[in-house]
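Student: I would like to learn how to read a protein model feature by feature, with the general idea given before each case. Could we go through one together?

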Amino acid sequence: MTTYTFARRLAVHLALLAPAVAPLRAQAPAVRLGFAVDRLARIDSAFQRAVDRGEIAGAVALVWRDGQPVYEKAFGWADREAGRRMTTDALFRIASQSKALASVAVMQLVEEGKISLSDPVSRFIPAFARTTVATRTDTGRAIVPARRQITIRDLLTHTAGISYGTDSLVATLYAPTGLGPSAGYGWYTADKDEPICTTMERLAAVPFVAQPGTQFVYGYNTDILGCVVERASGMPLDRYLEARITGPLGMRDTFFFVPAEKRARLTAVYMSTDSAPARAPEGARGQGAYADGPRRSFSGGAGLVSTARDYARFLQALLDGGALGGARMLGPKTVALMTTNQTGTLFSQTGQGFGLGFQVLLTPGADGRPESVGTFSWGGAYGSQYEVDPKERLVLVYMVQLLPSRSSLGARFPMLVYQALVTPARP
């Protein structure tokens with residue numbers, strides 16, 4: 001066969017194949033920033049089903065990769081009774097997601113030498129010089145002195161032994177102080193007409209539930225740190241956060257109390273029921289005083305209101321080593337310290353750790369989670385949650401207002417995101 005004849009037959013053969021190959025190329029799934037677009041649509045289906053079957057009233061889901069939007073959508077109702085649909089700029093009470101900002105504030109002052117992690121809290125709040133611990137006994141309860149003073153590190157890692165005072169061991173002692181069961185589920189202070197330092201000074205007089213440094217106990221730790229920030233900086237916590245974190249990062253929708261001109265964007269709180277979510281009552285266990293409260297108690301542990309996009313900007317700054325858009329919040333080594341396990345196995349013995357303000361994933365697949373080792377995260381009492389995966393350069397934010405909640409959607413959200421990730425980051 002001559003070279004000419006072979007080339008001619010090859011050309012004819014390729015021409016016959018071309019119509020079959022072209023449709024295959026056209027059918028290749030679209031990929032955006034490493035995510036298969038068709039698989040991202042599964043998030044739509046899951047969230048809409050949750051709304052339709054009455055698991056949630058509404059929510060916002062957001063995913064960024066390398067600071068670029070991969071997914072951002074709103075579902076359901078912001079206020080069902082008012083006929084107001086959920087929008088991506090809706091304002092949410094973020095409860096314990098406030099802790100991340102207050103923890104960063106503390107570490108900014110550590111960087112400046114105004115606070116040391118080993119400092120006793122009594123350096124800033126003298127009432128904490130002598131604290132007590134309640135223990136269970138055969139006859140009921142005994143109150144003993146703390147074996148050592150509580151430190152700033154204890155508070156950042158939630159190993160100070162301080163709960164929210166709602167546990168049966170101490171609840172009756174906390175009630176007269178306006179804390180514990182008198183503060184909703186324990187963490188609510190938005191209705192208090194006093195500075196947070198006044199409240200925390202009163203807290204120092206009631207017994208805690210574990211000796212400092214011996215257990216992971218979730219409670220008023222970060223509210224105490226909010227007072228420490230005020231004392232060390234000489235500024236109220238709301239002004240400090242605006243000057244040092246939310247303002248520089250362009251977080252225009254993050255504050256302790258909602259400005260009058262933005263109240264129409266505040267999402268209503270709902271409660272899980274056996275059927276459709278029911279609107280939560282007014283007060284500490286429901287809507288709260290985030291719009292019409294006294295505006296004097298700035299809770300670093302649970303007081304902020306924000307949007308999904310605002311909170312994502314804060315998380316992106318952490319992912320980028322402490323800076324965003326030319327505004328540096330922390331040094332990279334400080335961020336690394338905060339997002340490294342500091343509690344041994346006190347937080348968990350199943351592959352999870354806790355740093356200086358954040359839960360950290362230590363073991364691949366721990367608790368069935370698909371995230372990369374080093375992912376740091378937390379959430380809030382109203383059901384919202386966030387994650388930052390440094391390896392995959394991902395920020396995930398899920399915002400909802402459900403208190404109390406029976407929804408598992410937040411737990412399912414990360415898998416819905418990761419199943420769509422088809423181009424992992426290079427090592």
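Student: How many bridges join strand β7 to strand β8, and do the two run parallel or antiparallel?

Tutor: Before answering, note that this is a predicted model, in which local features need pLDDT of at least 70 and side-chain atom pairs count only at pLDDT 80 or more, while totals for chains, interfaces and linings use all residues. Residues are numbered from 1 along each chain as its sequence is written, and side-chain values use heavy atoms, with hydrogens and water left out. Helices (H or I, at least four residues) and strands (E, at least two) are DSSP runs numbered from the N terminus, and two strands pair if DSSP finds at least two bridges between them. Here β7 (residues 132-137) and β8 (residues 140-145) run antiparallel and are joined by six bridges. The two strands form a hairpin with two residues between them, and Ala134 stands opposite Ile143 in β8.

Student: How many helices and strands are there in the chain, and what percentage of its residues count as buried?

Tutor: Buried means under 20% relative accessible area, exposed over 50%, and partly exposed in between, with a 1.4 Å probe and protein chains only. The chain has 11 helices and 18 strands, and 55% of its 427 residues count as buried. Its C-alpha trace spans about 100 × 50 × 45 Å along the principal axes.

Student: How many residues does the largest nonpolar core have, and which have the most contacts inside it?

Tutor: In soluble globular proteins, nonpolar side chains tend to be buried together. A nonpolar core is defined as a set of buried Ala, Val, Leu, Ile, Met, Phe, Trp, Tyr and Cys residues joined through side-chain atoms within 4.5 Å. The largest one has 105 residues, and Ile152, Ile162, Leu203 and Phe314 have the most contacts inside it. Helix α9 (residues 308-319) gives the most to this core, with eight residues. At least three residues of the core come from each of domain 1 (33-96 + 252-420) and domain 2 (104-233), the bounds being those of an automatic or database domain assignment. Another core, of 29 residues, lies apart from it and includes Ala46, Ala268, Leu402 and Leu421.

Student: Which residues of helix α6 are buried, and why do they line one face?

Tutor: An α-helix has 3.6 residues a turn, so residues three or four places apart point the same way. In α6 (residues 196-203), Ile196, Cys197, Thr199, Met200 and Leu203 are buried. Seen down the helix axis, the buried residues of α6 fall within an arc of 160 degrees (taken from the directions from the axis to the C-beta atoms), so they line one face. Contact means heavy atoms within 4.5 Å, and the elements that cover these buried residues include α5 (171-174) and α7 (221-233).

Student: Where is Asn221, and is this residue buried or exposed?

Tutor: Asn221 is placed in helix α7 and counts as buried, at 0% relative accessibility. Not counting residues up to four places away in sequence, Asn221 touches Asp154, Leu155, His158, Ala160 and Ile162.

Student: Why is helix α11 described as largely enclosed, and what covers its buried residues?

Tutor: Seven of the 10 residues of α11 (residues 409-418) are buried, so the helix is largely enclosed by the rest of the structure. The elements covering them include β2 (35-36), α2 (37-52), β3 (58-65), β17 (385-389) and β18 (394-399).
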